[in-house]
Amino acid sequence: MAATTRITVTLPTEQVAELKKLTDNVSGYVAEAVARQIRLQLLAEDLRRYQEEHGEFTTEELARAREEIFGTGETARPANAA
């Protein structure tokens, strides 16, 4: 198990109520959400650096990436989570 540090976080009351409906492990749920957000930000930074070095992605490259992620023929984009 990774080392942990206790912190205090202030959230809107409505979010806390919904969060408690979703899980009994609020800390674990929040930790997963934070980890996901960190991964997304790191990926976005990597993609930005790549494009700075190699140029913007082409339409074909983006289409291939969507196929790899969502499968052939899938055009819908996922909702931004967290």
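Is Thr23 buried or exposed? At 16% relative accessibility, Thr23 counts as buried, where buried means under 20% relative accessible area, exposed over 50%, and partly exposed in between (1.4 Å probe, protein chains only). The model is predicted, so that local features need pLDDT of at least 70 and side-chain atom pairs count only at pLDDT 80 or more, while totals for chains, interfaces and linings use all residues. Residues are numbered from 1 along each chain as its sequence is written, and side-chain values use heavy atoms, with hydrogens and water left out.

The secondary structure of the protein consists of 3 helices and 0 strands, with helices (H or I, at least four residues) and strands (E, at least two) taken as DSSP runs numbered from the N terminus. The order of elements from the N terminus is α-α-α. Of the 82 residues in the protein, 4% are buried. The accessible surface comes to about 7,700 Å², and 54% of it belongs to carbon and sulfur atoms; areas were computed by the Shrake-Rupley method with a 1.4 Å probe, and for residues only the protein chains shown count as cover.

Thr23 is located in the loop between helix H1 (13-22) and helix H2 (26-54). Its side chain reaches the backbone nitrogen of Asn25 at 2.9 Å. This is a polar contact, defined as a pair of N or O atoms within 3.5 Å; within protein, one must be able to donate a hydrogen and the other to accept it, and residues adjacent in sequence count only if both atoms are side-chain atoms.

Helix H2 has 29 residues, which at 1.5 Å a residue should span 42 Å; the end C-alpha atoms of H2 are 42 Å apart, in agreement. The expected span is 1.5 Å times one less than the number of residues. Gly55 follows H2 and has a positive phi, near 95 degrees.

A nonpolar patch on the surface is formed by Leu22, Val26, Tyr29, Val30, Val34, Ile38 and Leu42, with about 590 Å² of accessible area together. Patches are made of residues with over 30% relative accessible area and no salt bridge, like charges being joined within 9 Å and nonpolar side chains (Val, Leu, Ile, Met, Phe, Trp, Tyr) within 5 Å. H2 supplies the largest share of the patch, 6 residues. Leu22 lies in helix H1 and is exposed, with a relative accessible area of 59%.

The structure holds 5 salt bridges, each a side-chain nitrogen of Lys or Arg within 4 Å of a carboxyl oxygen of Asp or Glu. In one of them, Glu18 pairs with Lys21, the closest N and O atoms being 3.1 Å apart. Glu18 and Lys21 are separated by about one helical turn because they are 3 residues apart in helix H1. Glu18 is partly exposed at 44% relative accessible area, and Lys21 is exposed at 63%.

Arg49 and Glu45 meet at 3.2 Å, N to O, and are 4 residues apart in helix H2, about one helical turn. Arg49 is partly exposed at 42%, as is Glu45 at 28%. Glu52 and Arg48 meet at 2.2 Å, N to O, and are likewise 4 residues apart in H2. Glu52 counts as exposed at 58%, whereas Arg48 is partly exposed at 38%. An α-helix has 3.6 residues a turn, so residues three or four places apart point the same way.
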